[in-house]
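Hi there,

Here is the structure I promised to pass on to you. Have a look at it first, and then read my notes below.

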Amino acid sequence: MSIGYNEDFYGWVNDQARLLKDGAFNQLDLENLIEEIECMGRSELSALRSRLKVLIMHLLKWKYQPTYQGRSWQLTIAEQRNEIEGLLDDSPSLKHKLANNDTLLKCWKLAVLGASKETGFEVSHFPTSPIWTLDEILNPDFLP
């Protein structure tokens, strides 16, 4: 007897894994399994965008609040770059999403909102579109 997706998600995941290992493909809950696999992909992309947004936000704060530059911001910048590198190592097909200018622009806009909130500066204080290339943003030696 299979465990229901809506009754016990964790149990359902383990049940589906067991069925896959056993080769019992005809017993799989394909509809929900497909949905969960697609969700995993979206989650990886979301994590990449989130890390890029935080990275850009801290680079903006670094540039526009030089009197507050410190080790904490530097470590956050390094951490985000390392995490992005790890995500791209684990899922190289995400690289084409980064190469898409729309992704960078969306992350930039969100980073500007975050930087505005954290610095107290108006959104208009920051550039509306990226002033650094993606290569610069991801470069471990780059600080504006």
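**What I found**

Tyrosine 5 is buried, with a relative accessible area of 18%; buried means under 20% relative accessible area, exposed over 50%, and partly exposed in between, using a 1.4 Å probe and protein chains only. Phenylalanine 9, with 41%, is partly exposed.

Before going on, please keep in mind that this is a predicted model, where local features need pLDDT of at least 70 and side-chain atom pairs count only at pLDDT 80 or more, while totals for chains, interfaces and linings use all residues. Residues are numbered from 1 along each chain as its sequence is written, and side-chain values use heavy atoms, leaving out hydrogens and water.

**Aromatic rings**

Rings of Phe, Tyr and Trp (its six-membered ring) pair if their centres lie within 6.5 Å; planes under 30 degrees apart count as stacked, over 60 as edge-to-face and the rest as tilted. By this rule there are seven aromatic pairs. Helices here are DSSP runs (H or I, at least four residues), numbered from the N terminus. Tyr5, Phe9 and Trp12 form one aromatic cluster.

**The nonpolar cores**

In soluble globular proteins, nonpolar side chains tend to be buried together. A nonpolar core is a set of buried Ala, Val, Leu, Ile, Met, Phe, Trp, Tyr and Cys residues joined through side-chain atoms within 4.5 Å. Which members of the largest core touch the most other members? They are Leu48, Leu52, Ile56, Leu60 and Ile137, out of 27 residues. Helices α2 (30-64), α3, α5 (101-119) and α6 (134-138) each supply at least two residues of this core, and α2 gives the most, with nine. A second, separate core has six residues, among them Tyr5, Trp12, Leu28 and Leu33.

Start with isoleucine 137 in helix α6. Isoleucine 137 counts as buried, at 0% relative accessibility. Leaving aside neighbours within four places in sequence, the contacts of isoleucine 137 (heavy atoms within 4.5 Å) include Leu52, Arg81, Trp132 and Phe142.

Then try tryptophan 132, which is buried with a relative accessible area of 8%. Beyond its neighbours within four places in sequence, tryptophan 132 is in contact with residues including Leu59, Leu60, Trp108 and Pro144. Tryptophan 132 and proline 144 are twelve residues apart in sequence and 8.8 Å apart in space, C-alpha to C-alpha.

**The largest pocket**

Last, the largest pocket holds about 170 Å³ of space. A pocket is an open set of points on a 1 Å grid over the protein atoms alone, where a 1.4 Å probe fits, with protein on both sides within 12 Å along at least five of seven lines; lining residues have an atom within 4 Å of a point. The volume is the space filled by probe spheres set on the points, which are joined across faces, edges and corners. Helix α3 (residues 71-90) gives the most to the lining, with seven residues. Among the lining residues are Gln74, Arg81, Leu138 and Phe142.

Enjoy exploring!
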